[in-house]
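Visitor: Could you walk me through this one while I have it open? I'd like to ask things as they come up.

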Amino acid sequence: MKWAEGIDKLGLGLYFALCIFAIANIYSVDQKLGEKQLVFFCISLFVGLVIFVGRSKFFENMAGIIYIGGVLLLIGLFPFGKEILGQKNWYKFGSFTMQPVEFAKIGTALMLANYVSGPDFNLKVKKSLWTVLAIIGIPAAVVLAIPDVGSMLVFIAFFIALYREGLSGLLFGVGFIFAGVFLIALAIPPVYVAAAVVVIAGVLIAMNYHRMSWDVISISGIAGSIILLCGLAFGSPYILEKLPKHQRERIEVLYKGEKAFRDTSGYNLLYSKTAIGSGGVLGKGYREGSVTQGKFVPEQETDYIFCTVGEEWGFVGSAVLVLCYMVYIGRIYYLAEQQKSTFNRVFGYCFASILMLHFTINLGMVMGLFPTVGIPLPYFSYGGSSLLAFSMMTFIFFKLNYSDKNSLV
């Protein structure tokens, strides 16, 4: 059929497969929640159909309004938000709840794509750089103030899209170094970490001595970076101590193990690992998992839904699911790179990068490789806001891709 030309069947097929498999697993955890997720899925499909039959230029033209609306929804949480599980990041309407940060990500992706595709954009110009930092930083700062550290981390995804558009990779390197120093200084005495920073810096300077420009600005920058890193090393234990108890314990679990906090922050992780490990190669069978059916993991249908897959479908089922995500995310990156429109390309990179961070952090969290930060598994975790928001991004991108493939330009 001619109208179907340009529809990416592999991408949409994987989207349907992930959503249907997710509903089945949520149903295994809680039958009523599985039925509600099916309703959310039907609503998402209806919204997706509306998006697909609409004009693709709508999102480019309305990017600013959608972005501002998303930021205002985030700000509105402070006076009107409902506190759930210690975080005031929900609106509650009767029996329904809505998490605006999921929709703020869509607005930020659209706004970033709109600005980057403009004729005056040039990352080498300070005005452009500061503008994109503001576009990302404003909603990220509001989310951090809520506080919702997990969702704030996802805003890093937008820098991956900017890297494709020419942002220096040095920014990522600096971020990894500071994060590494902070985490290492929690495991070994800070004085050793600071000493290592000075030694490594000295070696790097000696190796590049003749290629470096020894002006006042360069010397000040090098000295300032070393001082900041050493200060971070000594300050890491103090920063950890000042965090709220539940956040502090979630980080300490990585160093001391979940059994040290089995009655508090390590409880979910302990039983999550138990469920995944007990699944073996082929799993215990659908709705046959003792941990899942025994309700040992609180809120298992949301952030910890992957342990249901591990227990009931085993290593093979988990591997297939991971492979589906990898192919799906890779497909979106591939299609984004093929776009003739800069707007389409940037939005595609934003979308794929958001999926990649959600997927990586969630699986790392469930397996104890990352602190518990409340990041849902895209399409898979229970929740209407998450499923609807990811479905909207899905259909927006595939609509843009469809229009791009049928464009005569």
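Visitor: Which side chain does Glu165 meet in a salt bridge?

Guide: In this predicted model, the side chain of Glu165 forms a salt bridge with that of Arg345, at 2.9 Å from N to O. The pair links distant parts of the chain, since Glu165 sits in the loop between α9 (157–164) and α10 while Arg345 belongs to helix α17 (residues 342–366), and the two are 180 residues apart.

Visitor: Are those two buried or exposed?

Guide: Glu165 counts as buried because its relative accessible area is 19%, and buried means under 20%. Arg345 is buried as well, with a relative accessibility of 12%.

Visitor: How many salt bridges turn up in the whole structure?

Guide: A search of the whole structure finds seven. One of them joins the side chains of Lys105 and Glu102, with 3.3 Å between N and O.

Visitor: Where do Lys105 and Glu102 lie, and why are they about one helical turn apart?

Guide: Lys105 and Glu102 both lie in helix α6 (residues 100–116), and they are separated by about one helical turn because they are three residues apart in that helix. Lys105 is buried, with a relative accessible area of 2%, and Glu102 is also buried, again at 2%.

Visitor: What about Lys284, which partner does it have?

Guide: The side chain of Lys284 meets that of Glu311 in a salt bridge, at 3.4 Å from N to O. Lys284 is in the loop between α14 (267–278) and α15 (290–293) and Glu311 is in helix α16 (residues 306–338), so this pair ties together parts that are 27 residues apart in sequence. Lys284 is partly exposed, with a relative accessible area of 32%, whereas Glu311 counts as buried at 0%.

Visitor: Which helix gives the most to its lining?

Guide: Helix α13 (residues 245–256) gives the most to the lining of the largest cavity, contributing three residues. Among the residues lining this cavity are Arg250, Val253, Leu254, Tyr304, Met365 and Phe370, and the lining as a whole divides into seven nonpolar residues, three polar and one charged.

Visitor: Back on the surface, which residues form the nonpolar patch?

Guide: The patch is formed by Ile184, Ile188, Val191, Tyr192 and Phe234, which together have about 510 Å² of accessible area. Val191 is found in helix α11 (residues 190–207), and at 46% relative accessibility Val191 counts as partly exposed.

Visitor: Now the backbone. Where is there a cis peptide bond?

Guide: A cis peptide bond joins Ile146 and Pro147, with omega at about 0°. Pro147 lies in the loop between α7 (126–145) and α8 (149–154).

Visitor: Why point that out, and which phi values deserve a mention too?

Guide: Most peptide bonds are trans, and most residues other than glycine have a negative phi. Arg287, a residue other than glycine, has a positive phi near 65°; Arg287 lies in the loop between α14 and α15 and is partly exposed, at 32% relative accessibility.

Visitor: What is the phi of Lys295?

Guide: Lys295 has a positive phi of about 60°, although Lys295 is not a glycine. Lys295 is placed in the loop between α15 and α16, and with a relative accessible area of 49% Lys295 is partly exposed.

Methods: Residues are numbered from 1 along each chain as its sequence is written. This is a predicted model: local features need pLDDT of at least 70, side-chain atom pairs count only at pLDDT 80 or more; totals for chains, interfaces and linings use all residues. Side-chain values use heavy atoms; hydrogens and water are left out. On a 1 Å grid over the protein atoms alone, a cavity is a set of points where a 1.4 Å probe fits but cannot get out, and a pocket is an open set with protein on both sides within 12 Å along at least five of seven lines; lining residues have an atom within 4 Å of a point. Helices (H or I, at least four residues) and strands (E, at least two) are DSSP runs, numbered from the N terminus. Ala, Val, Leu, Ile, Met, Phe, Trp, Tyr, Cys and Pro count as nonpolar, Asp, Glu, Lys and Arg as charged, and the others, Gly among them, as polar. Patches are made of residues with over 30% relative accessible area and no salt bridge: like charges are joined within 9 Å, nonpolar side chains (Val, Leu, Ile, Met, Phe, Trp, Tyr) within 5 Å. Accessible areas come from the Shrake-Rupley method with a 1.4 Å probe; for residues, only the protein chains shown count as cover. A salt bridge is a side-chain nitrogen of Lys or Arg within 4 Å of a carboxyl oxygen of Asp or Glu. Buried means under 20% relative accessible area, exposed over 50%, partly exposed in between (1.4 Å probe, protein chains only).
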